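Hi,

Here is the structure I promised to pass on.

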Amino acid sequence: MRTSKIKAYIDSTTEAAPLAAFRFLFGLLMFVSLIRFWANGWIEKLYLDPEFHFSYYGFEWVKPLGSWTYLIFILCMLSSIMVCLGWRYRFAIILFFLSFTYIELMDKTTYLNHYYFISIMSFLMIFLPSSAYFSIEAFRNNTKAFQEIPRWTVDSVKFMLAIVYFYAGLAKLNSDWLFEAMPLKIWLPSQYGLPLIGVLMQKEWIHYAFSWGGAIYDLSIPFLLYTNKTRPYAFAAVIFFHVMTRILFPIGMFPFIMVFSTLIFFESGFHKRILSVIARVLNWDFSVFDNGKRLVHSEMAVPRWRTALLSIFFAIQLLFPFRYLLYPGHLFWTEEGFRFSWRVMLMEKAGYAQFKITDEKTGAYFYVNNSDFLSIFQEKQMSTQADFILEYAHYLARHFKSQGHENLGVYVESYVALNGLPSRAFVDPDVNLLNIKPSLKHRNWVLPYHEE
């Protein structure tokens, strides 16, 4: 019985308009984001000016390519427009996924949750018939045009968005966020200059209201968006939440991406009205797309290996955020298993790291001026994250070995303040970091964090 229900669901279809609208807005927002990134000079500032870049474990080979880095951004921008318009869609979305992910991996310093979201969403879109409706491909070639597509293809996007929101809510269920209103208690008072609401940002009850409200919002919004009766109110909450987030915090395009992404939860009629307006701007005959044709799952070019790959993809999305349970210690302190788990704006850390280069035979030593090697932004990120500290230590060793220094040891005196508490020693100062190789193992050279 259960198998037959699953088969019936897989073979069921739905209107293609929501997925087409999502594709169009996704591509358009990505293009605007990349133009904004270039216009602000961030390509040069983040990728070309620094002489050293922090790498993700296993992706050390991904580096900026000098002036050729601009070409990667150009390819990413061109492919985003191709995705938006649905022209050579499969090639375009693969190119976008590869180029954007390469940009994301070039320097770990720039890690943001929404960069990760864009990478995994673009990967998912490779396997979806997003160009079957309202696209150049569908407009030019009737054999590629379908008014209805398998229901699971639209639901998979909704499910990915639900994971992001719900897991972000789960991450907020910690004592600092709920019972100390941290780190909002640190961040919000700095917004005293905002018109009308600046004074409110000084009130402690506002800090707690935002903390609890944020957790409730993230945990409930996927379910409210799924339900017809509550969807309009839920979307109003989405707009309010992300507009406030954009006003209070400089987090770029993320609020816009999430607002427009959640439109996919609305019924097809809503999306057709949006697309019909866009069609008039593009001078397309919108009636061409409503051809009554259905694309069922059995007719899709989706071999079994692709189905298996998507199953593995969602299994990873569901399980990977819980990998922190494999590590002992305070998650916010060690950050082992912290990234790629939808832990959005949960902590405030400030740190200091002074590196000492020693001659292990003679005992001679000298201290490093971090500004000689790192940008201000890189140094700020490095000083509070253990994997950054270790990678930087090995880089310093390579640098000074190339200058003729021998018998090197690299030690660090580091202090970190977490969520407004006094700073405390972070890395064991007696450990020669050159004796530690980067790995996914527990970092026992990070000093334990004792709860107060």
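Let me begin with a lysine: Lys 185 has 23% relative accessibility, so it counts as partly exposed (buried is under 20% relative accessible area, exposed over 50%, partly exposed in between, with a 1.4 Å probe and protein chains only). Before I go on, note that this is a predicted model, where local features need pLDDT of at least 70 and side-chain atom pairs count only at pLDDT 80 or more, while totals for chains, interfaces and linings use all residues. Residues are numbered from 1 along each chain as its sequence is written, and side-chain values use heavy atoms, with hydrogens and water left out.

Back to Lys 185: its side chain meets that of Glu 204 in a salt bridge, 3.9 Å from N to O (a salt bridge being a side-chain nitrogen of Lys or Arg within 4 Å of a carboxyl oxygen of Asp or Glu). Glu 204 lies in helix H11 (residues 204-226) and Lys 185 in helix H10 (residues 184-187), so the pair ties together parts 19 residues apart in sequence. Helices here are DSSP runs of H or I with at least four residues, strands are runs of E with at least two, and both are numbered from the N terminus. Glu 204 is partly exposed too, at 48% relative accessibility.

The structure holds 10 salt bridges. Another one joins Glu 15 to Lys 272, with the closest N and O atoms 3.4 Å apart. That pair links distant parts of the chain, as Glu 15 is in strand E1 (residues 13-15) and Lys 272 is in helix H14 (residues 268-282), 257 residues apart. Both Glu 15 and Lys 272 are buried.

Then there is Glu 391 with Lys 108, a salt bridge of 3.8 Å from N to O. Glu 391 sits in helix H18 (residues 386-402) and Lys 108 in the loop between helix H5 (89-105) and H6, so this pair ties together parts 283 residues apart in sequence. Glu 391 counts as buried at 16% relative accessibility, and Lys 108 counts as buried at 5%. They also belong to a network of salt bridges that links Lys 108, Arg 339, Asp 387 and Glu 391.

As for H6 itself (residues 113-125), all 13 of its 13 residues are buried, so the helix is largely enclosed by the rest of the structure. H6 reaches 18 Å from its first C-alpha to its last, close to the 18 Å expected (1.5 Å times one less than its number of residues).

H6 turns up again in the second largest pocket, where H5, H6, helix H15 (304-319) and H18 each supply at least two lining residues. The lining has 50 residues, of which Tyr 56, Tyr 57, Phe 59, Phe 340 and Leu 440 lie nearest the pocket's centre. For the record, a pocket is an open set of points on a 1 Å grid over the protein atoms alone, with protein on both sides within 12 Å along at least five of seven lines, and lining residues have an atom within 4 Å of a point.

Trp 68 counts as exposed, at 60% relative accessibility.

Cheers

Terms used
1 Å grid on protein atoms, 1.4 Å probe; cavity = no way out; pocket = protein on both sides within 12 Å on 5 of 7 lines; lining within 4 Å.
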